Amino acid sequence: MSDPKDILTRMYKTDNSELVLPKEETERKDVEDILQSNIFNVMLNRRSQRRFEPKEVEDHKIELILAAADTAPTAGGFQGFEIFHIKNNEIKSELVKAANNQPYVNAPLVLVFCKNPSRVKLNFPEEILRKFSLQDATLAAAYAQLASHALGLSSIWIGMIDENMVMKILNTDLIPSSILCIGYPKKILQPKPKRSLKDLIHRV
Ligand SMILES: Cc1cc2nc3c(=O)[nH]c(=O)nc-3n(C[C@H](O)[C@H](O)[C@H](O)COP(=O)(O)O)c2cc1C
């Protein structure tokens, strides 16, 4: 098993001075413990949350969430997606409107995942490259969602968005795929029951 400190260095890519490492020893210890968390526990206990405490998400947790998104597989390894980290409160309010007025989009941490098919340098039809970039952006958001849960945060995935409005708000040509809204939960919710595997799996 790798040393948690190695994982920390890889997650934070310490050669990149823009990233924020946990400053305090206690924060570092906290993160090292979190990095040992069992992925099955994280997956099984995650539950969507639409009510957040007004508490800010700490910078080192934000960096871990972004680093986790960056570990997702992507088509050809070309990383055909971009993440907009929304720090401006006015932009958050605008995004609420672009998301059919879903008020929880105004969360402490808001990440918009966009497709970037121009990064996918594969010799396939445009349509396939668009599909790949949607899958890249979706997987990255899913990894960020699981990482958020592992860090003691909760989240809601927002797919009901007006793409054109979001593009205008962010002043980008990139088409958004989802918004991930993250924060400390007001109340811990139990995971939702799912279909039985017997119904879900079609063995052929
Ligand atoms: C593709 C997709 C789109 C979604 N869009 C929205 C949305 O616009 N608004 C919302 O409140 N929840 C949205 N959700 C969250 C789902 O409602 C939620 O994941 C689902 O009810 C299952 O609950 P769970 O995440 O707690 O298992 C979306 C989830 C996915 C995967």
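What percentage of the 204 residues in the protein chain is buried? Buried residues make up 30% of the chain; a residue counts as buried if 20 or more other C-beta atoms, placed from the backbone, lie within 10 Å of its own, as exposed if 12 or fewer do, and as partly exposed in between. This is a predicted model, in which local features need pLDDT of at least 70 and side-chain atom pairs count only at pLDDT 80 or more, while totals for chains, interfaces and linings use all residues. Residues are numbered from 1 along each chain as its sequence is written.

**Overall fold**

The protein chain contains 8 helices and 4 strands, in the sequence order α-α-α-α-β-α-β-α-β-α-β-α. Helices (H or I, at least four residues) and strands (E, at least two) are DSSP runs numbered from the N terminus. Of the contacts between residues at least 6 apart in sequence, 78% join residues at least 24 apart; a contact requires C-beta atoms, placed from the backbone, within 7 Å of each other.

**Packing of α5 and α7**

The axes of helix α5 (residues 89–98) and helix α7 (residues 163–170) come within 9 Å and cross at roughly 165°. The two helices are therefore roughly antiparallel, a term for angles over 145 degrees. On the α5 side the contact is made by Ile-91, Glu-94, Leu-95, Lys-97 and Ala-98, and on the α7 side by Met-165, Val-166 and Ile-169. By class, this contact has 6 nonpolar, no polar and 2 charged residues. Here Ala, Val, Leu, Ile, Met, Phe, Trp, Tyr, Cys and Pro count as nonpolar, Asp, Glu, Lys and Arg as charged, and the others, Gly among them, as polar.

**Loop residues**

Arg-51 lies in the loop between α3 (39–45) and α4 (59–69). Beyond its neighbours within four places in sequence, Arg-51 is in contact with Lys-186 and Lys-187. Arg-51 and Lys-186 are 135 residues apart in sequence and 5.6 Å apart in space, C-alpha to C-alpha.

Most residues other than glycine have a negative phi. Gln-79, although not a glycine, has a positive phi of about 50°, and Asn-171 likewise has a positive phi, near 55°. Gln-79 is in the loop between α4 and β1 (81–86), and Asn-171 in the loop between α7 and β4 (176–183).

| Residue | Other C-beta atoms within 10 Å | Class |
|---|---|---|
| Arg-51 | 14 C-beta atoms | partly exposed |
| Asn-171 | 7 C-beta atoms | exposed |

Definitions and conventions
Contact = placed C-beta atoms within 7 Å. Axes fitted to C-alpha atoms, helices over the stretch in contact; angles between N-to-C directions. Parallel < 35°, antiparallel > 145°, perpendicular 65-115°, else oblique.
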